[in-house]
Amino acid sequence: MSKVSGAGEEKLKVLALHGYRQNADSFKSKLGSFRKMLNKYVEFVFVSAPHPAAPLEADGGEPDPNQRSWWFNKDDRTFKGTNQGGPAYGFDESLRLVERTWQAEGCHGLLGFSQGACFVGLLCDLSARGMTTMKPQFAVVASGFRSGSLVHLNYYENKVQIPSLHIFGETDEIITKDMSEALADTFLDPEVVTHPGGHYFPAQASLKETYVDFFRDQLQQHLEAKELQNATEDNSFHLEGQEEAEESALQPVHEGLQNGSDSDSD
């Protein structure tokens with residue numbers, strides 16, 4: 001059995017999806033302490049959403065190229081987590097980008113914050129239904145919620161069965177506790193962690209053990225599955241080699257029988 005050990009050993013690769021008006025670099029920076037906690041077990045892959053978010057009035061109407069969005073659920077091409085019954089402009093482009101990144105990087109799991117966490121929930125459902133090339137082994141969902149876009153309403157009919165860790169703040173006013181609980185309920189056996197704060201990804205020392213235990217368990221399962229797959233492939237290879245050897249050994253016998261038959265007929 002493979003064991004999780006120290007630095008230099010194999011790590012999990014986790015694709016990290018940022019929130020609305022964030023990007024890969026800003027999300028990576030915000031997760032600095034969290035990444036440090038898990039450096040022994042995880043390599044995070046960050047990617048920016050393909051769509052620029054609509055400018056804020058405070059910015060004088062000028063778009064900020066650093067503010068990105070995975071899709072827009074309002075007709076004015078903005079996004080709000082509480083919006084229901086709206087569109088999902090740009091979702092397909094984001095799905096294709098994330099699928100390409102997943103394949104290119106060889107990722108094992110998903111992590112998302114806010115809109116990115118909503119996206120993770122949708123990706124897990126798509127994977128369970130065989131509607132994406134991605135096959136995440138686990139998911140980490142922070143300040144997550146169910147998408148209210150009309151095209152996504154049928155995504156939550158069946159429970160997602162992969163291991164999941166759900167993190168949210170008791171006093172989050174942007175994505176409220178009940179919204180995050182509703183997304184957690186779409187997973188078969190969700191592990192839930194709450195913190196007393198608001199809309200952010202918590203990385204205080206009191207949560208380190210929970211985070212480390214979750215990712216260490218996922219790495220252990222990944223290594224054991226990989227070991228089993230390798231053993232199965234090796235066994236299959238040996239069986240094929242044995243069959244070929246047996247066929248080669250029988251070949252002279254067949255030829256002898258055939259030659260004998262020929263002489264009898266002469």
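Two strands pair here if DSSP finds at least two bridges between them, and helices (H or I, at least four residues) and strands (E, at least two) are DSSP runs numbered from the N terminus. Keep in mind that this is a predicted model, where local features need pLDDT of at least 70, side-chain atom pairs count only at pLDDT 80 or more, and totals for chains, interfaces and linings use all residues. Residues are numbered from 1 along each chain as its sequence is written, and side-chain values use heavy atoms, with hydrogens and water left out.

**Strands E7 and E8**
- Strand E7 (residues 164-169) runs parallel to strand E8 (residues 191-195), and five bridges join them.
- One of the partners to look at is Ile167, which bridges to Val193 in E8.

**Aromatic rings**
- The whole structure has 19 aromatic pairs, counting Phe, Tyr and Trp (its six-membered ring) with ring centres within 6.5 Å; planes under 30 degrees apart are stacked, over 60 edge-to-face and the rest tilted.
- Phe138 and Phe214 have ring centres 6.1 Å apart and planes at 80 degrees, so they're edge-to-face.
- Phe138 sits in the loop between helix H4 (115-128) and strand E6 (139-142) and Phe214 in helix H6 (residues 208-265), so this pair ties together parts 76 residues apart in sequence.
- Phe138 is buried, at 0% relative accessible area (buried is under 20%, exposed over 50%, partly exposed in between; 1.4 Å probe, protein chains only).
- Phe214 is buried too, at 4%.
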